[in-house]
Amino acid sequence: CCSPGPAMESSEVESDILRRVRALLRELDGHHPSCQSDRGMLRWTLHKKIDQNPSTSCVLVRILVKELERAERGDLRHYIIPLLHRGTYTWIQGACSLIREPTPWVYDFCKRLLTLPKPFCTIGLDYASRLKVERTAPGTLYQRMVMSEHSLCRALLPYRERIFIFADPELLPEAICTALVTDTEAARVSQSRRGCMSCVVTHALQAALGDACDIHGLRARLQALPPGHVERWFQQVVAAVENAGSEGGSERGQHTARLESIYQGLLGSLPAGNAPQEGLQGTPLPNPDISFHLWTEDEQLWKELVLFLRPLSQSCEPECLGQDLDPLEIQNILPDCACCEQSRFSVLSTDSGIERDLPAQEEPCAPCAPCAPCTPCAPCAPCAPCAPCAAATEHPRLHRKGGIKKKLSPLDSVVFLQGGSGGPGGKLPGKLPRRSGMPPEATAPLQRLHTARVGLLGGDRILGRLAQAYLSLRKRETRRVFLTPRLNLQFYHIPVVPGQPQPSAAEDGASPEELCEVAAYLGRADPWYESNISTLCHMIPKLATMPPSPSRALVTDLFLTDVIAYYARMGTQPICFQVHAVKLLFQDPAQELAEDVFLTELLTQAQDSPSHRELSATKRKTTLDGPGIDLTVTYRKVVLSDREKELALALRSTGLLMKAIPADKAADRGCLSVTITEIVRINNLAGRSFSAVANRFKTRNIKIRSPEQRPFTVRLDKDSRRTYRDVIGLEVSPCLEPSYCLQKTRTMKCSPHETEDVGLVKYLPKSLLLPINTFAGVIQ
């Protein structure tokens with residue numbers, strides 16, 4: 001018989017967990033507690049409580065299942081996805097052997113979600129497939145996650161994941177950047193390759209054997225083994241779990257017998273079943289590989305992605321490329337390699353190869369004195385170059401100038417990119433393009449893609465830079481495909497509002513809340529994102545500047561690292577935003593037309609910069625017509641019937657504002673909400689006065705011109721660094737996908753009279769959409 005003490009303690013633990021879960025659900029309803037300081041930390045504190053006492057994971061799973069049943073009965077759909085996310089994260093990191101009982105019910109529940117619209121059917125199918133794999137071979141999800149995030153055992157799982165965090169150095173204070181760099185480096189140092197392998201072995205054996213697994217003895221044994229022996233046992237465990245997951249129809253007992261034999265061979269004299277009864281001991285889930293970057297260069301995103309697929313350190317050694325390479329290829333791979341003594345260059349031709357493009361007058365080739373007496377001689381090495389000299393004298397137009405030498409970056413080398421495509425779905429490293437007439441080589445089947453999770457830390461400004469970089473990346477992929485067939489690119493947004501207002505924000509006149517409109521929209525669309533991510537915008541600066549506590553100097557909880565890891569692992573549902581293209585016409589006729597893109601907003605303001613000669617005339621005219629400048633606006637108005645109506649306006653305005661992020665989650669994200677500040681002249685008995693009237697409408701395409709050539713300024717995405725001056729006209733339209741434009745051009749060459757999309761063009765996405773991941777997408 002058991003004493004009442006443990007029962008009372010278990011009841012208190014269960015009531016405490018139930019209270020925490022109900023608090024999370026109240027946040028989803030919008031009923032937040034009076035103390036706003038704990039917003040965004042309820043899930044993390046519950047997560048840490050389970051880590052400190054792994055035996056409570058069973059209690060948490062039972063409570064989550066009951067709440068799922070209550071949500072299904074009460075038609076509380078906004079509870080379903082957060083509860084599934086929390087339960088799945090517990091199953092992945094917990095001891096799966098003790099929480100198998102509710103798994104069949106949750107599996108059937110996920111299958112019932114397939115009858116609901118998106119995103120419920122998508123998430124239900126995803127979790128149903130995960131639970132099916134976990135029921136066949138417990139510990140598979142944990143094992144695959146750790147292996148992919150830390151690049152372990154590429155022979156069995158050649159699939160890698162990495163999290164890239166890009167922050168705006170001009171928006172975030174130095175204290176936040178320093179704290180983030182410190183946290184990410186501490187998390188990376190604490191997770192060694194050997195430690196991750198030991199975690200995988202321990203979790204797999206515990207998930208299969210349950211209470212019969214001696215966790216303390218197993219950890220001590222793995223700690224005492226040499227690194228090579230740990231990797232050997234790790235490969236055996238991984239092979240056993242992956243075989244059980246791939247077979248599918250094999251019995252559960254066979255999988256358990258395989259891991260039990262590995263367990264007995266690992267511990268030696270300690271057979272299974274002699275484990276001390278000290279309660280459940282969990283195996284923590286290692287933090288993923290996170291790299292922190294300050295976004296200082298325009299092409300920095302593309303360079304980091306290329307280095308992720310093909311690290312420079314591996315390209316330095318020829319044997320790392322898989323095959324012996326030609327010396328010229330090695331030179332093209334790394335021009336600045338420190339291992340080589342001589343500098344390496346590649347030759348770039350300056351002419352087009354067409355005879356008519358060559359200049360009319362060519363300098364005659366200098367006579368080759370030593371070559372004249374060598375004509376009747378037997379084979380002589382210097383005689384070979386003499387023939388072109390004579391031919392060049394007779395036909396000077398066929399003479400080619402010497403090429404210029406240009407030093408290329410290793411990231412711009414074609415051989416470097418082809419060498420990096422030796423993985424799944426790419427060519428073998430070191431292979432040059434085949435010559436004409438040779439049979440084509442057998443291409444390897446396309447396997448699972450690598451995943452690069454790019455997190456943007458900041459406000460709407462850094463998302464505007466992301467839109468620019470994403471368009472540049474898509475253009476590169478259209479010209480020469482490299483990343484698309486082997487990389488799954490996903491974007492995440494973590495809003496941060498600096499505690500102290502920055503000078504750039506003060507100049508723009510924007511409040512901290514207005515700098516994070518995209519995060520506000522994501523929070524309205526997905527309540528779980530609002531509860532866990534969007535509410536951190538004010539908390540992160542406080543945590544970064546908070547002094548460390550002396551009592552917690554030895555054991556530190558990396559709060560931001562844990563939140564980023566949870567967001568990247570569980571946030572799989574994207575919300576797509578339309579990227580808008582803008583063309584700018586300047587006052588100076590010699591200045592070329594500028595093209596740019598924006599994601600959130602475009603702001604124009606009248607520019608007061610008349611010349612000295614026109615100063616008096618402009619001042620007199622402004623007094624009569626009022627402030628601002630005359631504009632002609634041509635746009636296509638979007639009405640409720642989704643029909644577009646062409647309209648034209650001639651008005652006087654001080655500026656206009658185009659918003660691309662809707663205020664309502666149900667609104668169309670492809671429309672622009674335009675607000676023009678129109679100056680209206682009013683005649684009354686007291687004289688003539690002017691008033692500002694807001695003229696609002698929705699459109700997708702708009703053209704603005706200044707008939708008097710009066711300049712105005714244009715600012716994109718609330719970024720003072722992206723401000724254009726002396727603009728007299730602009731044109732805004734949805735940005736087109738570069739691949740669509742290329743295919744459309746090819747189709748028009750073949751069928752110039754076709755007005756509609758035909759052939760392959762009609763199956764390609766027309767607009768460029770920027771996807772940002774959330775936990776559930778748009779919940780209607």
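Reader: How do you know that the span of helix α9 (residues 193-209) agrees with 1.5 Å a residue?

Author: The expected span is 1.5 Å times one less than the number of residues. For the 17 residues of α9 that should be 24 Å, and the end C-alpha atoms lie 25 Å apart, so the two agree. Helices here are DSSP runs of H or I with at least four residues, strands are runs of E with at least two, and both are numbered from the N terminus.

Reader: What is the model, and how are residues numbered?

Author: This is a predicted model, where local features need pLDDT of at least 70, side-chain atom pairs count only at pLDDT 80 or more, and totals for chains, interfaces and linings use all residues. Residues are numbered from 1 along each chain as its sequence is written, and side-chain values use heavy atoms, with hydrogens and water left out.

Reader: What makes α9 mostly covered?

Author: Buried means under 20% relative accessible area, exposed means over 50%, and partly exposed is in between (1.4 Å probe, protein chains only). In α9, 14 of the 17 residues are buried. Just after α9, Gly210 has a positive phi of about 70°.

Reader: Which residues other than glycine have a positive phi?

Author: Gln709 is one, with phi of about 60°. Lys718 is another, with phi near 60°. Most residues other than glycine have a negative phi, and most peptide bonds are trans.

Reader: Why is Lys718 called buried, and what is Gln709 called?

Author: Lys718 has 4% relative accessibility, so it counts as buried. Gln709 has a relative accessible area of 40%, so it is partly exposed. Gln709 sits in the loop between β14 (687-705) and β15 (712-716). Lys718 sits in the loop between β15 and β16 (723-734).

Reader: Which peptide bond is cis?

Author: The bond from Lys118 to Pro119 is cis, with omega near 5°. Pro119 lies in the loop between α5 (103-112) and α6 (120-136).

Reader: Why are α6 and α7 called roughly perpendicular?

Author: Axes are lines fitted to C-alpha atoms, for helices over the stretch in contact, and angles run from 0 to 180 degrees between N-to-C directions. Under 35 degrees counts as roughly parallel, over 145 as roughly antiparallel, 65 to 115 as roughly perpendicular, and the rest as oblique. α6 and helix α7 (residues 140-150) pack at about 105°, with axes 8 Å apart. Therefore they are roughly perpendicular to each other.

Reader: What residues meet there?

Author: Arg130, Val133 and Glu134 in α6 meet Thr140, Leu141 and Arg144 in α7. Contact means heavy atoms within 4.5 Å. By class, this contact has two nonpolar, one polar and three charged residues. Ala, Val, Leu, Ile, Met, Phe, Trp, Tyr, Cys and Pro count as nonpolar, Asp, Glu, Lys and Arg as charged, and the others, Gly among them, as polar.

Reader: How do you know that α4 and α23 are roughly perpendicular?

Author: Helix α4 (residues 77-93) and helix α23 (residues 559-570) pack at about 105°, with axes 11 Å apart. So α4 and α23 are roughly perpendicular to each other. His85, Arg86, Thr88 and Tyr89 of α4 make the contact with Tyr566, Arg569 and Met570 of α23.

Reader: What do the buried residues of α25 pack against?

Author: They pack against α18 (460-479). The buried residues of α25 are Pro738, Tyr740, Gln743, Lys744 and Thr747.
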